[in-house]
Amino acid sequence: FSRDGFYRFKDEQWTSFNCISDDCAFPQLEEIRDMICVAINPNDENNVFVGTWEKGLLELEGDEISANYTDQNSSLQVWTADPGRILVSDLAFDINGNLWIANSGAEDILSVKDQDDQWMSFNLGTINTSIDISDLLIDDAGNKWIIPRRSRSLIAFSDQGTPMDKSDDSQKNLSSSVGNGALFANKIHCFAKDHDGELWVGTDEGIGVIYTPENVFTSGSYDMQRIIVEWDGYSQYLLETEVITSIAVDGANRKWIGTQNSGIFVLTEDGETQVHHFTTDNSPLFSNTITDIAILSSGEVFIGTTEGLISYRAEADSP
């Protein structure tokens, strides 16, 4: 029920979008709580979408809030446990400029808004109806991946590049079974796509990698693999004792791994060598509990912690 709103950092200046003061500049936000995810239109940086954990989806044009999408004017649906709320947990644009929305707790947990402002929702099966979901990611093949928040699973969905035609859609739930994902951990917290198209997955037992996510709807393997590293003369799985909270990939394809209690690990492209390990003891990090990591094309890394936001000017620009 936070009223803090959302913030924009542009041209080295911060702008806050909220309604928590007497001279509120955005009265539309007075009754909207919990803005939790943001997506910038790749074709128009002034067109921004903000997902809320209460009132659906907001659209901005520059400094103006141009729309509030709910179950009344879009395919978004209410939380089945509380029909007074519409929960948006994540947003992602595909290569064609369509906006995909993770609609947590709804009967149809996935929606899309295409470039022509047409909407469509997708029911991903009985097992995925009305469930609590978190992150959404689109891989290089256009497949959509969703993290269910309370189960050892990953959801994969393909619309075959035709979001308004459901006749060719496919859906699959990955599991711990070999041949169907081989998910080794009890809980998946986050994921990221690297520059080779690999899916790096953060769990409560370290890191897993799906090297060929494009195979999920073919006959090829898409099982998650664990990276074995040498440490003090012993072999062990990569970060196997860490709860991974965030993953980001820089211009050199290095992996920035945020953890629940141990700060940030920066790893080489293959994950086998540690480049940096930043903690409160050896860096200006405010906290060793990392909530999110995002990397600009300039190479600057923004790090969210439980005690605030900080940035680091990394060595690798985006190619």
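**Close-up views of the chain**

**View 1**
With a relative accessibility of 22%, Cys24 counts as partly exposed (buried means under 20% relative accessible area, exposed over 50%, and partly exposed in between, using a 1.4 Å probe and protein chains only). This is a predicted model, in which local features need pLDDT of at least 70 and side-chain atom pairs count only at pLDDT 80 or more, while totals for chains, interfaces and linings use all residues. Residues are numbered from 1 along each chain as its sequence is written, and side-chain values use heavy atoms, leaving out hydrogens and water. The partner of Cys24 is Cys19, with an S to S distance of 2.1 Å; a disulfide here is a pair of cysteine sulfur atoms within 2.5 Å. Cys19 is buried, at 7% relative accessible area. The link between Cys19 and Cys24 is left-handed, with -130° about the S-S bond. If you search the whole structure for disulfides, you find one.

**View 1**

**View 2. Lys172 in strand β14.**
Look for Lys172 within strand β14, which covers residues 170–174 (strands, E, have at least two residues and helices, H or I, at least four; both are DSSP runs numbered from the N terminus). Is Lys172 buried or partly exposed? Its relative accessible area is 24%, so Lys172 is partly exposed. Leaving aside residues up to four places away in sequence, Lys172 touches Leu154, Ile155, Ala156, Asn180, Val216, Phe217 and Tyr222, where contact means heavy atoms within 4.5 Å.

**View 3. Asn47 in strand β4.**
Strand β4 runs over residues 47–52 and includes Asn47. The side of the story told by accessibility is simple: Asn47 is buried, with a relative accessible area of 6%. Apart from residues up to four places away in sequence, Asn47 touches Ala39, Ile40, Asn41, Glu59, Leu60 and Glu61. How far is Asn47 from Gly271, C-alpha to C-alpha? The two C-alpha atoms are separated by 35 Å, and the residues are 224 apart along the chain.

**View 4. The chain around these sites.**
Stepping back, the chain has 26 strands and zero helices. Its C-alpha trace spans about 60 × 45 × 35 Å along the principal axes. The radius of gyration is 20 Å, in agreement with the value near 20 Å that a compact globule of 319 residues would have; this radius is taken over C-alpha atoms, and the globule rule is 2.2 Å times the number of residues to the power 0.38. Among the 319 residues, 51% count as buried. Of the contacts with a separation of 6 or more, 43% involve residues 24 or more positions apart.
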